[in-house]
Amino acid sequence: MGIFRWNYPESSVPGFWGETTSTIDWCEENYVVSPYVAEWTNTLTNIVFILSAIYTTYSAYKNRLEKRFLLIGFGYGLVGVGSCLFHMTLKYRFQLLDELPMIYAMCIPTWSLLCEAKEALLNGDNHKKVPLFEQIVFGIIIALAVTTASILYVIFKNVDIHQILFGVQIVVVAAAAGSLTYRYVHDPLAKRNLKASMALGAILFLSGYVSWLLDIHFCSFWVHIRRSILALPLGVLLEPHGWWHILTGMGIYFYIVSLEYLRVITLNISSDYLFIWRWKVFPELIRVGHNPSTRYSLELFGSYVEDQSVEAHKKRE
Ligand SMILES: CCCCCCCCCCCCCCCC(=O)N[C@@H](CO)[C@H](O)CCCCCCCCCCCCCCC
């Protein structure tokens, strides 16, 4: 037993939160780092969701975007808090606080994109909004479907209901955003940036999903490597579910920025905004009048701009 390397405990460790009542207990061994945190890595990695939710919500407010993007950020942050409590305690009530906000938060971009698709299909490029009544009907249909699914999930406690529904929502949002970009975004630079941001978002999310599957289906292998080779504290780095949090947290940030940019384009107000890549890799929507404090490029891996002022690049468009 050293200061910088110690073995995993021989037998299971009783924890502060008592009996596990959640329907899922992930591969990470419980209470091996702290008696107050059941799954150390799976708890701490939720900081990625919480920080990206705070940042996207702040950006949406600063950019004066529609309230739907504030709601997305709030829902995203609630998922991060729920997931943190779920992994810290392995209590069923906090598992629901993780999983139900996921499918409710996903309703917002699903609703927004279905309305945008209707606008684009019916009105082409003249950017006429779908009537408020139809937007409300879309919202009620989606809300009823997801509420029914969540009631069935709580009654039958079958986690597949939640995971399949969430997976369908993610695919619908990704497909609708990609289709709208392909058919209704004409500016070459805007199209390249949207494709790059969505593609990176999808790659990050899919990589996270593979990590999620590895955690579930190869757990004995990870436990063997952690116990016989890595030991603690290094073993906390080999937690595939923790990497799911990190990768999907980044992927969802990329998608939220893409949806914001797609929205200002379909609203025909993109002249008030500039799509940038901070440090050439992190996408962000900046409103004219706010100059970024960090270096940025106008394309993924593009050259840094000389003049940091947003207006300078808007004039060139
Ligand atoms: C795309 C814009 C989204 C904007 C709104 C964000 C709403 C919040 C979404 C949060 C998702 C990340 C989940 C974080 C919490 C978590 O990981 N919870 C797990 C426990 O830690 C819980 O078990 C949930 C797991 C759900 C796993 C479902 C996997 C289905 C993936 C389908 C992949 C399809 C490929 C899509 C490619 C684009």
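This is a predicted model: local features need pLDDT of at least 70, side-chain atom pairs count only at pLDDT 80 or more; totals for chains, interfaces and linings use all residues.
Residues are numbered from 1 along each chain as its sequence is written, and side-chain values use heavy atoms, with hydrogens and water left out.

Let's start with the sheet. Three strands form an open, antiparallel sheet in the order β2-β1-β3. Because β2 and β3 stand at the edges with a single partner strand each, one side of each has no neighbour in the sheet. Strands here are DSSP runs of E with at least two residues, and helices are runs of H or I with at least four, numbered from the N terminus. Two strands pair if DSSP finds at least two bridges between them.

Now look at β1, residues 273-278. There, 6 of 6 residues are buried (under 20% relative accessible area; exposed is over 50%, partly exposed in between, with a 1.4 Å probe and protein chains only). Tyr 273, Phe 275 and Trp 277 point one way from β1, while Leu 274, Ile 276 and Arg 278 point the other way.

What joins β1 to β2? The link is 6 bridges, with β2 covering residues 282-287 and the two strands running antiparallel. Ile 276 has Glu 284 as its bridge partner in β2, and Leu 274 stands opposite Ile 286. The hairpin of β1 and β2 has 3 residues between the strands, and Trp 279 takes a positive phi near 50° there. Also, β2 is largely enclosed by the rest of the structure, because 5 of its 6 residues are buried.

Trp 277 has Ser 297 as its bridge partner in β3.

Next, the ligand. Which residues come nearest? Of the 29 residues around the ligand, these are His 87, Asp 98, His 241, Trp 244 and His 245 (around means a heavy atom within 4 Å). For polar contacts, pairs of N or O atoms within 3.5 Å, a side-chain atom of His 87 lies 2.5 Å from a ligand oxygen. The side chain of Trp 244 also has an N or O atom 2.5 Å from an oxygen of the ligand. With Asp 98, a side-chain N or O atom is 3.0 Å from a ligand nitrogen. Taken alone the ligand exposes 1,000 Å², and the protein buries 94% of that (Shrake-Rupley areas, 1.4 Å probe; for residues, only the protein chains shown count as cover).

A quick stop at helix α9, residues 240-266, where we find Ser 258. Ser 258 is buried, with a relative accessible area of 0%. A polar atom of the Ser 258 side chain lies 2.7 Å from the backbone oxygen of Phe 254. Within protein, such a contact needs one atom able to donate a hydrogen and the other to accept it, and residues adjacent in sequence count only if both atoms are side-chain atoms.

Last, helix α4, residues 92-123, holds Leu 114. Leu 114 counts as partly exposed, because its relative accessibility is 32%.
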